[in-house]
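Please look over the sequence and the structure before reading on.

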Amino acid sequence: MKDFLKNQIEIIQDKLWAISDSLYHHPELGDQEFESMKLLVAFLEEHQFSVEKGIVGRPTAFKAVYDSKKEGPTIAYLSEYDALPEVGHGCGHNMIGTMSAGAGVLLSKVVDEIGGRVVVLGTPAEETNGAKVPMAEQGIFDDIDAAMIVHPGDVSYESGDSLAMDAIQFDFRGRTSHAAASPEKGINALDAVIQLFNGINALRQHVTSDVRIHGIIKEGGVAANIVPDKAVAQFYVRAKDRNNLNEIVQKVMNIAKGAALITGAEVYIENYELSYDNMITNQTLSDLFTNNLLSTGVKQVEKAKESYGSIDMGNVSHVVPAIHPYIGLDSPGLVAHTREFADLTITDNSHKILSRGALALALTGYDLITDKEAFEKMKNEFHKAEIVKA
């Protein structure tokens, strides 16, 4: 049956390459991926998937389902297709979205015989306001047994971890006055922001080594002779696990309140993007995928690299067994979020790599449906991780 899947990729790969290239040539930002979504949905509908668009209140999100009507696991592939401003698909989401859709179609060709259900989820705005977060919160994964995605990179890596992340905005409000003639009548909101930065810099020596706190001054006044009555700072705060992150965030918020107290300003605190949880790789699922990826012709898969980024796949991994591995574009040292990365995704070699990624995802889904021992091992590992978190 696996040989059958390997033959099927030969049949659909020209279409997959065309979809990926089209996404590259017509990049769309997060939550604006209307044409990208239409292209992927049309491909899935062409292969008898039932599609629901606009799920979890996101117009460019979708859920595509192929149901064998036979008992068996439900396997989900997650499709990203948002681009970056100016850079385009410098993170390879044109490949990601296409590999997941391709994997779903491949697996659908055998589930009528082996049982189970295939789901492809269109997950917009990974780069900014990831739709996987409300999907995890609103029960989209409640009837799903495993969730997978594969990301292009410089070389191939096993699925690893990521940092939990909160995006916090601090809006300080003071009172204007003439900065030279009557400074005593003003309340300097920018001073409060500067004190916030100073306090956070002092906090850095008292956090664990995995913590990352980085921010900008988004607004800081309009003229040097006017005491700023408004100043805004935005920060990302990251840590390896959610509990530690929550403690750090509380300390940062206390610093902001102290900065307001010192200067006489008021501070308003809010999240300006959705929060991401840390990625918890299911090692059983990861091992299955790695073995299948090697079987497609990928020569080497490195151990997971230490990650200091944050992904909305982390939220998914807290509610269902999940993996987020990388498939190499045979370009060691390649830097993501660059035009060079984007351009590499449409070469002939990357087309072949895309086919291998889609096939490896499909083969892993096949293993989960047909190998009950591996399926139960994956589930048991996930439940043990849940107990540890609790």
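Helices here are DSSP runs of at least four residues, numbered from the N terminus. By that count, N244 sits in helix 6, which covers residues 242-263. The model is a predicted one.

N244 has a relative accessibility of 17% and therefore counts as buried, the cut-off being under 20%. Apart from neighbours within four places in sequence, N244 touches T208, D210, V211 and A239.

| Pocket | Volume | Lining | Nearest the centre |
|---|---|---|---|
| Largest pocket | about 710 Å³ | 37 residues | C91, G309, S310, I311 and Y326 |
| Second largest pocket | about 260 Å³ | 16 residues | S156, V298, K299, G328 and D330 |

In the largest pocket, strand 6 (151-153) and strand 9 (230-239) are the elements that give two or more residues to the lining. Strand 6 has the largest share, with three residues. By class, this lining holds 15 nonpolar, 12 polar and 10 charged residues.

For the second largest pocket, strand 12 (326-328) and helix 10 each provide at least two lining residues. Helix 10 contributes the most, four residues. The lining of this second largest pocket is made up of five nonpolar, five polar and six charged residues.

Helix 10 itself runs over residues 348-370. Of its 23 residues, 18 are buried, so helix 10 is largely enclosed by the rest of the structure. At 1.5 Å a residue, helix 10 should span 33 Å, and its end C-alpha atoms are 33 Å apart, which agrees.

Methods: Residues are numbered from 1 along each chain as its sequence is written. This is a predicted model: local features need pLDDT of at least 70, side-chain atom pairs count only at pLDDT 80 or more; totals for chains, interfaces and linings use all residues. Side-chain values use heavy atoms; hydrogens and water are left out. The expected span of a helix is 1.5 Å times one less than its number of residues. Buried means under 20% relative accessible area, exposed over 50%, partly exposed in between (1.4 Å probe, protein chains only). Contact means heavy atoms within 4.5 Å. On a 1 Å grid over the protein atoms alone, a cavity is a set of points where a 1.4 Å probe fits but cannot get out, and a pocket is an open set with protein on both sides within 12 Å along at least five of seven lines; lining residues have an atom within 4 Å of a point. Grid points are joined across faces, edges and corners, and a volume is the space filled by probe spheres set on the points. Ala, Val, Leu, Ile, Met, Phe, Trp, Tyr, Cys and Pro count as nonpolar, Asp, Glu, Lys and Arg as charged, and the others, Gly among them, as polar.
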